[in-house]
Amino acid sequence: MSEIIASAKKITKIYKNHKVLDNVDIVIKSKQIHGLIGRNGAGKTTIMKILSGLVFPTQGELELFSKQEKDLNAVLKQVEILIEHPGLFLEMSAYENLKAKCLSVGCFSKQYVYDLLKLVGIKLSDSKKTIKNFSLGMKQRLGIAIALVGKPKLLILDEPMNGLDPQGFREISDTLVKLNKEKNITILISSHILEKLADIATYFTIIDDGKVIASFSKKELNEKLGETLELTVNDSQKASEVLEKNYKNIQIEIISNNILHVKLENINKEDVLMKLSEMQIKVQHYYQKDISLEEYFLKLTSVEAKNA
Ligand code: ADP
């Protein structure tokens, strides 16, 4: 069973007169790769900093590894945060960068450094080169290795995928999944690249204007997928007219002469197919099209959703 390792209850953060977080509740359970999603300025970094003890909330309760306020110092070393790009010594090698961190924490051994490099996929042959010529993806993985030095149980990564090329995405994603699966490290990660986040995250919290507006598991997200039925018919205009006549509030988008999309919000697939067949409209092909995390996010944060 997964335990709660971090929980923030009714957290509010006010900077001068600006309410940056407003009654935020967030629960992070062990083994999650927890994706934190929101536009720029939504409050993601602030909540991450609060969870890692870098910033104090104005109001609210924070619990980490079952410890509250006055006992938090004892558990804060189990949390590591990496905000965007790691601070690295560019003239030093990957090995030396890691060694420096290990020495500062008091846990240096060659083997330990090699193990960490291996864990994040930095080859031995690269580990002795100065890192100034490393790709951004390699630097990010080195940053993650450095964050792992104190053996944190919760790794907080703020936009670690910014600026990466496709290869870099793949490497970071693989590294994070490996850390999560093989080393049982719980990860809280923000990224505006939702397609990539959707691939790896097991749980999602959406934050908008300092408020949590939704939180759901990957399984719950998957249940929302398939909300659109794509139909291939002889005449999409005619099919659309038939459906609109029979179902009030049905949402249809005509994509081409032959293809239309039907939102399966207030209607199920079987009813649509049956009605079209009754009206002698031949459906050549149909499938339930996935909505992406991005589409879902935009829907939840749209002006209409906020005014609903
Ligand atoms: P996100 O990570 O979602 O982009 P942030 O948490 O960085 O959002 O910022 C949320 C809001 O808080 C922004 O409007 C930002 O300008 C403001 N903010 C963040 N840190 C400070 C600070 N130290 N002082 C004043 N305002 C801040």
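Helices here are DSSP runs of H or I with at least four residues, strands are runs of E with at least two, and both are numbered from the N terminus. This is a predicted model, where local features need pLDDT of at least 70, side-chain atom pairs count only at pLDDT 80 or more, and totals for chains, interfaces and linings use all residues. Residues are numbered from 1 along each chain as its sequence is written, and side-chain values use heavy atoms, with hydrogens and water left out.

**View 1. The shell around the ligand.** Strand 2 (18-29) and helix 1 (44-51) each give at least two residues to this shell, and helix 1 has the largest share, with three. Around the ligand (a heavy atom within 4 Å) you'll find Tyr15, His18, Val20, Arg39, Asn40, Gly41, Ala42, Gly43, Lys44, Thr45 and Thr46.

View 2. Look for polar contacts, meaning pairs of N or O atoms within 3.5 Å. A ligand oxygen sits 2.8 Å from a side-chain N or O atom of lysine 44. For threonine 45 that distance is 2.5 Å, and for threonine 46 it's 2.5 Å. The protein covers 60% of the 570 Å² of accessible area (Shrake-Rupley, 1.4 Å probe) that the ligand has on its own.

**View 3. Serine 191 in its loop.** Serine 191 is in the loop between strand 8 (186-190) and helix 7 (194-200). Its relative accessibility is 1%, so serine 191 counts as buried (under 20% relative accessible area, 1.4 Å probe, protein chains only). A polar atom of its side chain lies 3.0 Å from the backbone nitrogen of isoleucine 193. Beyond its neighbours within four places in sequence, serine 191 is in contact (heavy atoms within 4.5 Å) with Leu36, Glu159, Met161 and Leu197.

Technical notes
A polar contact is a pair of N or O atoms within 3.5 Å; within protein, one must be able to donate a hydrogen and the other to accept it, and residues adjacent in sequence count only if both atoms are side-chain atoms. Buried means under 20% relative accessible area, exposed over 50%, partly exposed in between (1.4 Å probe, protein chains only).
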